[in-house]
Amino acid sequence: MKAYAFLLSALLAVTLPAPAQDAPISPIRLNQSGLLANAPKIAILPDAAVKPVAWTLRDAGGQVVASGSSIVSGDDASSGQHLHRIDFSAVTVTGDGFTLTAGNVSSRPFSIGPGPYAALKRDALSYFYHNRAGTPIEARLVGDKWARPAGHPKEVAPCFGGKDNAGNIWPACPHSLDVTGGWYDAGDHGKYVVNGGISVWTLLNLYERQALKGKAPAFTDGTAAIPEAGNGINDLLDEARWQMEFMLDMQVPDGTRMPLPLGPQDGKGRLTFTPDVDVSGMAHHKVADERWTKLPLPPHLDPERRFLYPPSTAATLNLAATAAQAARIWKTIDPAFSDRCLKAALKAWRAALRVPNALAIGDFNGSGGYGDNDVSDEFFWASAELLATTRHALLVDAVTKAQFFNRDAIPEPSWGQVGPLGWLTLALHPEVLPEADAARIRSAIVKSADAYVKEAGDSGYRQPLSPKGYGWGSNSGLMNRAILLAYAHDATGDARYRDTVVDVADYLLGRNPLDISYVTGYGPRAMRHPHHRFWANVLDPKLPPPPPGVVSGGPNITSLGKEGRERIGDCAPQACWKDDIDLFTVNEVTVNWNAPLVWLAAWLDEGR
């Protein structure tokens, strides 16, 4: 433990300092935490000039390092700005205190070197420990500021029974389950199987990819500030297991029958229940508060009753997929846990085949719905994970004959579109498929990446997303596209894909129209007021601000909501954001957004 304590103090010492308050906007937009020495070095200048602008790069001593003229991008639909691009990628010198001048304006000082990614991957992973349920968050690991008592320390939850918001009467199931643990999903205290699933998968996929590609693991034992550090297990696996154990506990006991609405309903909120459905082996969709709570509210003071909400096919397949993934990863690390996961995965798979249309359509108070009327992508994902784990020949047909498999390109992953996760798992395990099918997977990933590179080229801020794509959680969409781009780079070595991943990271860390770093603690103008009930210092000075490494959902042009429209006003897609704790449509934080931040930071750190 003494050696671990020394290592922890060393890690904390290199964590970036807290951002200054209300730093002025820089007229030149750059990654506020530093540019990678071995990647493109791009700055963006919002300027009305229609001709190129002369620029000069100076080092900390004022010596000219490089100079040139900007490239006029012109009017940009995503940002609403007229833009110039300044490219000084040819610069090879490294250090701190560089300053870029263009015309009569100058940037803040910045660094060129390894970038912030070694620290960022650790801080981003710490999000999950901070948001653990069922255990105290210890001062020795996070500092006095963020320590808190356990939230919901012994959570034995009964099933919800009664009226939903549409007036439908839901009969309660006959059991209660001990579902202590897991992660709080977002700024509230709900714990979800859907959304928890993609988050666990993303962390485990990072571990599995690095292991199979021969990369140094991002989180060897003792490198993360978690209670399990020092147990001989990779810390990334320890953190993912905290949620995986909770998801296993959400599985419905054998012999359980209950009424459920099955299949499409009338679309007006009225539900027709099918009596006596065998839900054995399915997964409850979530456990959450009976009513919405207000901000601020530390989790150990949550006064609401908690319920298990009805099982869904989507949750069941999330369990099947992630438990299958965990089973193969822990096979030699912890054979007993691996066996438990595989049995749960197969049970959930059989339950989903038996009840393929239990859709998450209930409108309940107190928690997010995560509704999904199409679970074909979940079936594909689960079958791909089970195939990669069991190598069972019958699953080859389940994969290759699935509707989702017969595409020549794939979308970026999201909690509601998990089919791409199956593709990426199969890309790591091409040996489980006929060579022609494995080649098609590689081709589809590269074709998607090509489309993203083109979108980035059409964007003034070089982002692989069209103006219409900036919806709820747009930053997550960008990061998940970056994961696909990283896979394409793994497959081809084509620098265009890596460069676009760097573009995404630069945008998140400040190279954007608002000159805002969307990651807490990273940059002089970093987000400080996420929508979160405990990190709510702006509402209650006794509570803490967010720790470093928390990513905001980001700009949202499609679903701002009334309050967002009033507080933000008219905005271009990339400018529809405000650092406001009340605006969950733009400034929410959640596990499925921080998970790809961990993945992205770890991938970029591999190239140091």
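Tutor: A cavity is a set of points, on a 1 Å grid over the protein atoms alone, where a 1.4 Å probe fits but cannot get out; lining residues have an atom within 4 Å of a point. This is a predicted model, in which local features need pLDDT of at least 70, while totals for linings use all residues. Residues are numbered from 1 along each chain as its sequence is written.

Student: What makes H130 and R148 lining residues of the second largest cavity?

Tutor: Each has an atom within 4 Å of a point, and so do others, including Y184, D188 and F534, which line the second largest cavity. About 70 Å³ of space lies there, a volume being the space filled by probe spheres set on the points, which are joined across faces, edges and corners.

Student: How is the lining of the second largest cavity divided by class?

Tutor: Four residues are nonpolar, five polar and three charged. Ala, Val, Leu, Ile, Met, Phe, Trp, Tyr, Cys and Pro count as nonpolar, Asp, Glu, Lys and Arg as charged, and the others, Gly among them, as polar.

Student: Why are β2 and β5 said to stand at the edges?

Tutor: Three strands form an open, antiparallel sheet in the order β2-β6-β5. β2 (42–46) and β5 (71–76) each have a single partner strand, so one side of each lacks a neighbour in the sheet. Strands are DSSP runs (E, at least two residues), numbered from the N terminus.

Conventions
This is a predicted model: local features need pLDDT of at least 70, side-chain atom pairs count only at pLDDT 80 or more; totals for chains, interfaces and linings use all residues. Side-chain values use heavy atoms; hydrogens and water are left out. On a 1 Å grid over the protein atoms alone, a cavity is a set of points where a 1.4 Å probe fits but cannot get out, and a pocket is an open set with protein on both sides within 12 Å along at least five of seven lines; lining residues have an atom within 4 Å of a point. Two strands pair if DSSP finds at least two bridges between them. Helices (H or I, at least four residues) and strands (E, at least two) are DSSP runs, numbered from the N terminus.
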